[in-house]
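The following exercises are meant to be worked through with the model open beside the text. Each sets a task and then gives a solution in steps.

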Amino acid sequence: HVDDALSRLDRFEIETPAWGYADTGTRFGKFLQPAAARTIEEKIEDAATVHAFTGCCPRMATHVLWDFPEGVAPAQVAELALQEGIRIGSINPNLFQDQIYKYGSAASPNEKAREAADAHVERSIQIARETGSNVLSLWFADGTNYPAQDDLIRRKRAMASALHQWHDAMPEGMTLLVEYKPFEPAFYHSDIADWGMAYTFAQQAGARAKVLVDTGHHLPGANIEHIVAFLLDEGMLGGFHFNDRKYGDDDLTIGSIDPYAVFRIFAQIVLADEVHGIDTRSIAYMIDQSHNLKPKIEAMVQTAVTAQELYLKALLIPAARLLEAQASTDIVGAEEIYREAFYRHVRGPLAEWRRHRGHEASPLEAYRTSGIENERAKIRSDRRAAEGYTGGDRTLDTGLVRCSNSRGRIAAT
């Protein structure tokens, strides 16, 4: 059973986010890391390093505003990624940072804001075409902060109309992922506040629209694996943004707070496949984490390895025994089957599985002893000093390529 479970790991791929390699922070400020990536070239270099050590992260998600500024050819970015051994993954429009989105984007009462959102998403779809991406991932900051601030029904209809328009503008073979979040930055209402709203909007948008579950985007106590099971059975689960949390949308590394919760999510996916014959192969597993204190690459490698471990544990659940226990209402027995799988020691078999595939047996240990972090920190610190970069330029904080950057391999067009 272990060998069979390990063979299924060959299909388990995780997409890392470009923004996870850059300097980030909180609303109160940020702390710079000398090895953090600042340009798209450096982000690709870091994502490729994670894939080289783990063997399971062949794609990097990009944020359009931060990674494809005007004047940069998307095809060149995609080609650079291929040269480094990875591909461009999901395309994430930025519908929250520009000043025009003060009162929202697709649902804004400001017609010019809605037009700006249309133009940006249309450009994002074109970028997806040029980079070979087949996923357009949408998260909205749209919402209000006070009662009576805006017409909620008008906003709902505007959002539905925009999503339908963007869905139909996508080329065949592309999936539209609709993400939800109960609060922040809006604190009275969010226009896509929960999975039910995202489900409804996705259904109205079209057949290639699905729901994106960010594990940190739930109110305390939410049963995320129940949501996952429901969406799986409805054929509406498009993918995940994995992270962990203690209080809110903390964007901590996966499994750092509650690994059993992640295991239970994976268990629903495995059982949906094994017991109910639901096709789970198209689920997009993506990371959305903000490594403010942990070194970026280390945190990403740690996350990928943890996800592999927890997914493998879920694959080791004996489905037939579980069904028997459930059918006989043996509650303790059924729970113990879960617990036995969760507490299985899988690092040894995983190390052997990696060795057979030419990967590092212990990716995190191998990276930590490689010297890459210190080498990259020195190179990048020297480069920034030569360019006069201090970290104070908010545009540079997001990791945008400066087309005039003397070391940039991606030229302005």
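**Exercise 1.** Is D46 buried or exposed?

*Solution.* Before starting, note that this is a predicted model, in which local features need pLDDT of at least 70 and side-chain atom pairs count only at pLDDT 80 or more, while totals for chains, interfaces and linings use all residues. Residues are numbered from 1 along each chain as its sequence is written, and side-chain values use heavy atoms, with hydrogens and water left out. Begin with the place of the residue: D46 is found in helix 2, where helices (H or I, at least four residues) and strands (E, at least two) are DSSP runs, numbered from the N terminus. Next take the accessibility: D46 has a relative accessible area of 0% and is therefore buried, given that buried means under 20% relative accessible area, exposed over 50%, and partly exposed in between (1.4 Å probe, protein chains only). Finally, list the partners: leaving aside neighbours within four places in sequence, D46 is in contact (heavy atoms within 4.5 Å) with Y21, A35, A37, I297, R376 and R380.

**Exercise 2.** Describe the setting of E45, and then that of E225.

*Solution.* E45 also has its place in helix 2, which spans residues 40-54, but E45 is partly exposed, because its relative accessible area is 29%. Not counting residues up to four places away in sequence, E45 touches R376 and R380. Along the chain E45 and G85 are 40 residues apart, and their C-alpha atoms are separated by 9.5 Å. Turning to E225, this residue lies in helix 8 and counts as buried, because its relative accessibility is 15%. Beyond its neighbours within four places in sequence, E225 is in contact with R264, I265 and Q268.

**Exercise 3.** Which residues have the most contacts inside the largest nonpolar core?

*Solution.* First recall that a nonpolar core is a set of buried Ala, Val, Leu, Ile, Met, Phe, Trp, Tyr and Cys residues joined through side-chain atoms within 4.5 Å. The largest such core has 109 residues, and those with the most contacts inside it are W166, F240 and F266. The element that gives the most to this core is helix 10 (residues 296-315), with 11 residues. As background, nonpolar side chains tend to be buried together in soluble globular proteins.

**Exercise 4.** Which residues of strand 12 are buried on one side, and which on the other?

*Solution.* On one side of strand 12 are A284 and M286, on the other are Y285 and I287, and all of these are buried, so that both faces are covered. In a regular strand the side chains alternate between the two faces of the sheet. Then look at the pairing: strand 11 and strand 12 pair in the parallel sense over four bridges, where a pair requires that DSSP finds at least two bridges between the strands. Within strand 12, A284 stands opposite G239.

**Exercise 5.** Which two residues with a positive phi can be compared by their accessibility?

*Solution.* Most residues other than glycine have a negative phi, and most peptide bonds are trans. Phi of D251 is near 55°, and D251 sits in the loop between strand 11 and helix 9, where D251 is buried, because its relative accessible area is 14%. T329 has a positive phi of about 50°, and its place is the loop between helix 11 (319-327) and helix 12 (331-342). With a relative accessible area of 64%, T329 is therefore exposed.

**Exercise 6.** Which residues does a cis peptide bond join?

*Solution.* The bond joins E184 and P185, with omega about 10°.
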